[in-house]
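These are my notebook entries on a structure that I examined element by element. The sequence and the model come first, and my entries follow.

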Amino acid sequence: MSERASLLRRLARHPGAATGGVLFAAILAAVWLGPLLWPLAPDVIDVRARNLGPGLAHPLGTDQLGRDTLARVLAGGRLSLSVGLAAMAIALGLGTLIGVCAGFFRRLDGPLMRLTDLFLALPLLPLLLVMLLLFRDSLAGIFGPEGGIFVLVVGAIGLTSWMPTARIVRGDTLALKEREFVLAARAAGTGPIGLMTRHILPNVLSPILVSAALGLATAIVTESALSFLGLGFPPDFPSWGRLLSDATIYLADYPERVIAPGLAISLTVLSVTYLGDGLRDALDPRLGR
Amino acid sequence: MLSYTIRRLALAIPTLLVISLIIFLLLDLAPGDPMAQVPLTVPPEVKAQMREALGLGEQVHIRYWKWLVQMTWVEPQVLIDHLFGTSLSEGKLRILSWQHRGPVMDVVVQRLPQTLWVVGTAYLVGILIALPIGIWSAYRRASLFDQAGTFVTVVGYAMPPFFTGPLVIFIFSVQLGWLPSIYDTTHRVTDWNSFTVQLRQMVLPVMVLALQTTAQISRYMRAAVLDSLGQDYVRTARAKGLPEAAVLGVHVLRNALIPVVTVIALGLPAVFGGAIITEQIFSVNGIGAQLIGAIRAGDLPTVHTITFIFAVLIVLANLLADLLYGWLDPRIRYE
């Protein structure tokens, strides 16, 4: 417990991490709690209030169908952040599993690292686009239109972004494996599963946390890019990327519709990146307590 | 070194084979039917013949083998024919696009210069801006300049091209009216006037792509120069009375560039990926736009071929980075 408290204290003292953490918490709160304070629904069409500029009734204006932009940005944020968090979780789980196995079992090291190299050599953006195009209809049939595309986007991003985590975890596992406390546990008769879960995993947690922060940022940007290219989420349940892409046609007259989701993406990426940098510094034991 | 190069090249070939197979199998699952556009009045047996002509009736492994032969054997022959006027490829079947009913590579060759112009210029501009920023940020560490440099990096990282693109269009095309927002691919440079038109229409896409490059490379350059500044040979150079310009420009720069050059080589394919989005924003009719168009039209041979070209670029860039590292830094020995 004191370990965790000291980590929190060091994080709070790190200016970048503190700013990033507060900003990210604020974005999460705004996106999930915001609808309580801002009750306008994102999908209510009000034809008489089309194409309004920013005003009192609609702080960010309305779109070409009279839908409130603020409500849409909040709803888009829920989607974008959910996709980012879920894809990051998949990538992290997969990367940790592959990394620990490669580092722990010498026989698996070669094949698993070849697999990692292979995935790193794949042209990811074109492949993601192809995957989205091919499996869109079949998954929409299983999970419904909204769930299908969510599962598809999350799965596709998660399956193509575990490689950096796997490399870092493998390196740390290789080093930890030869340390005395692991040898002692092995001598005491702990099996490989126990060694991995009780002795190795807790000690590679800090690099995993750092790559979680960076992975979240990458996942959000990737999802936005896919939606921007028109192969991510459809306009009826738009993510930030889709909102941005839909608004570019009206760029000349209503720039705020592009800037609002764009700024939301940028601020999220920024806060998460600073948080990750801060975590890296705070978790580095060489920097002292 | 030579044996290492040969070994790496030998390893690159199976990697590319596996990647092309993965893409092929992925595309093979495609539910789309290339015959969907054919009118219903066409009798079924004609349709079957058309299917045959597209090579659709065969087994998976035969179709993959055919694609592989066409990509790695017939297409290079076409290239040789084109360059030297020989006729090696005469009568041989090439990879045909379902969309254009013509060879895929012909369209790629038409589109590639547009991409190379924009992406290449942007990468060059980005590097040329990034190197001085990185050097000076490290040299005047924690100064106002260093903080400004860090800010540019953060902005470049946090603002993806699909946001900066519309933003610069809004500022420079809509508000200020200085630059065109659309890249005219048919524009021909014939005299000074048309050259300035070409330059003007390249500014915005190059700006967007260069920001990404600058953000990354300047960070690496700063770290490398910082690392280099603390080395003993820098202290020696200063101690023997060399002017700061010589210390920085010769002793620090040459050592700091070693890791940065490999980063530059590694980043090249990623810029092609980013160009897919930038081409979409500015309507550049390049290879990225061709890929998106082919994906939307379900033109699988084109998608396969272009994705494979991207994969070749990535593998070659990795190879280049490794070899450059060993060549530039004699301390690194490959056995």
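I began with burial: a residue is buried under 20% relative accessible area, exposed over 50% and partly exposed in between, with a 1.4 Å probe and protein chains only. The model is predicted, and I therefore took local features only at pLDDT of at least 70 and side-chain atom pairs only at pLDDT 80 or more, while totals for chains, interfaces and linings use all residues. Residues are numbered from 1 along each chain as its sequence is written, chains are lettered from A and ligands numbered from 1 in the order in which they are written, and side-chain values use heavy atoms, without hydrogens and water.

**Entry: Tyr233(B)**

I looked up Tyr233(B) and found it partly exposed, with a relative accessible area of 28%. Its place is in helix α8 (residues 232–239) of chain B; helices (H or I, at least four residues) and strands (E, at least two) are DSSP runs, numbered from the N terminus. I then listed its contacts, meaning heavy atoms within 4.5 Å. Leaving out residues up to four places away in sequence, Tyr233(B) touches Ser228(B), His251(B) and Asn255(B). From Tyr233(B) to Leu144(B) I noted 28 Å, C-alpha to C-alpha, for a separation of 89 residues in sequence.

**Entry: chain A overall**

For chain A I recorded 11 helices and 0 strands. The C-alpha atoms of chain A fill a box of roughly 75 × 45 × 30 Å along the principal axes. Of its 289 residues, 49% count as buried. I also took the contacts in chain A between residues at least 6 apart in sequence, and 69% of them join residues at least 24 apart.

**Entry: nonpolar cores**

I searched for nonpolar cores, which are sets of buried Ala, Val, Leu, Ile, Met, Phe, Trp, Tyr and Cys residues joined through side-chain atoms within 4.5 Å. The largest has 151 residues, and those touching the most other members are Trp240(A), Ile217(B), Val225(B), Ile277(B) and Phe282(B). Helix α5 (residues 124–159) of chain A gives the largest share of this core, 15 residues. A second, separate core has 6 residues, among them Leu7(A), Leu11(A), Ala17(A) and Ala282(A).

**Entry: the interface of chains B and A**

I counted 37 residues of chain B in contact with 37 residues of chain A. The buried area (the accessible area, 1.4 Å probe, that two parts lose on being put together, summed over both) is about 3,200 Å², and carbon and sulfur atoms give 87% of it. Phe162(B), Phe163(B) and Ile295(B) supply 20% of the area that chain B buries against chain A, more than any other three residues.

How many salt bridges cross the interface of chain B and chain A? I found 0, a salt bridge being a side-chain nitrogen of Lys or Arg within 4 Å of a carboxyl oxygen of Asp or Glu.

**Entry: salt bridges**

Over all chains, my search of the whole structure gave 8 salt bridges. In one of them, Arg170(A) pairs with Asp109(A), the closest N and O atoms being 2.7 Å apart. Arg170(A) is in helix α6 (residues 163–177) and Asp109(A) in helix α4 (residues 106–120) of chain A, 61 residues apart. Arg170(A) is partly exposed at 22% relative accessible area, whereas Asp109(A) is buried at 16%.

Asp117(A) forms a salt bridge with Arg167(A), with the closest N and O atoms 2.7 Å apart. Because Asp117(A) lies in helix α4 and Arg167(A) in helix α6 of chain A, the pair ties together parts that are 50 residues apart in sequence.

In chain B I noted the salt bridge of Arg222(B) with Asp146(B), where the closest N and O atoms are 2.9 Å apart. Arg222(B) lies in helix α7 (residues 192–229) and Asp146(B) in helix α5 of chain B, so parts 76 residues apart in sequence are tied together. Both Arg222(B) and Asp146(B) are buried.
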